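Please look over the sequence and the model shown here before reading on. The report below starts with the chain as a whole and then turns to some of its parts.

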Amino acid sequence: MQSEFAHEQAQRHLAQRNRLAALAGVLGVTSLIGIGAAVTSDKAVVLVPITAETLTVSSGGVDAHYLELVTRDTALMLLNRAPESLDYWMEQILKVADPAAHGRLKAELVAIVEEQRGSDISQAFVIRAMEVDTKALTSTVSGTLKTFVGAQVIASQERSFTFRWSRRGLTLALTGFEQNSTPEDQDQ
């Protein structure tokens with residue numbers, strides 16, 4: 001009698017173990033599928049609205065509209081400066097700089113700050129057109145660059161600037177910028 005009772009109890013424990021093993025197997029497979037989906041799916045970050053449109057940055061690539069907005073803000077920050085705000089100006093530009101290009105960009109910005117500090121020379125840039133290349137991560141901004149001494153406009157020239165960007169994960173960062181030559185520059 002005791003052997004029959006022991007046998008029934010062993011069978012119940014064996015059935016319970018098999019159910020738990022099956023449940024563990026199903027949970028393991030579900031976890032692997034979830035991890036696989038998380039690793040292979042595009043990641044996206046919803047950005048704070050600065051326009052009427054919804055913007056996202058995904059691991060699949062940079063949206064042209066987003067690159068345009070980042071370029072616009074960076075160009076206006078970089079090309080509009082006054083002697084009173086040079087330290088803040090440089091600090092803000094370095095915040096959007098790629099860490100790999102930080103030293104080179106800082107050297108270029110320090111040269112501008114040293115040249116302009118203590119003067120009455122300011123400049124303002126009015127964007128006329130912009131072209132972005134999401135594959136090469138470059139953007140070109142064209143417009144009017146006005147130079148002021150005090151309140152007096154001493155120069156108003158059509159200029160074009162190219163901005164180079166890098167992407168690490170979901171971060172877009174400035175790696176460099178340059179003023180493009182104009183036909184007038186080439187004639188000289």
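## The chain as a whole

A contact, as the word is used here, means heavy atoms within 4.5 Å. Among contacts in the chain between residues at least 6 apart in sequence, 47% join residues at least 24 apart. This is a predicted model, in which local features need pLDDT of at least 70 and side-chain atom pairs count only at pLDDT 80 or more, while totals for chains, interfaces and linings use all residues. Residues are numbered from 1 along each chain as its sequence is written, and side-chain values use heavy atoms, with hydrogens and water left out.

The chain holds five helices and six strands, where helices (H or I, at least four residues) and strands (E, at least two) are DSSP runs numbered from the N terminus. Along the sequence they follow the pattern α-β-β-α-α-α-β-β-β-β-α. Of the 188 residues in the chain, 29% are buried, a term that means under 20% relative accessible area, with exposed meaning over 50% and partly exposed in between (1.4 Å probe, protein chains only).

## Helix H4 and its surroundings

Helix H4 (102-116) has 15 residues and reaches 21 Å from its first C-alpha to its last, close to the 21 Å expected at 1.5 Å a residue, the expected span being 1.5 Å times one less than the number of residues. Leu105, Leu109, Val113 and Gln116 are buried in H4. Seen down the axis of H4, these buried residues fall within an arc of 75°, so they line one face of the helix; the arc is that of the directions from the helix axis to the C-beta atoms.

The face of H4 turned away from the buried side carries the exposed residues Gly103, Ala107, Glu114 and Glu115. The buried residues of H4 are covered by elements including H2, H3, strand S3 (121-133) and S6. After H4 comes glycine 118, whose phi is positive, near 85°.

In helix H3 (residues 86-95), the buried residues are Leu86, Trp89, Met90, Gln92, Ile93 and Leu94, and they pack against helix H2 (64-79), H4 and S6.

Threonine 175 lies in strand S6 (residues 171-179), and threonine 175 counts as buried because its relative accessibility is 17%. Not counting residues up to four places away in sequence, threonine 175 touches Asp98, Ala101, Arg104, Leu105, Arg164, Trp165 and Ser166. One of these, Leu105, is also among the buried residues of H4.
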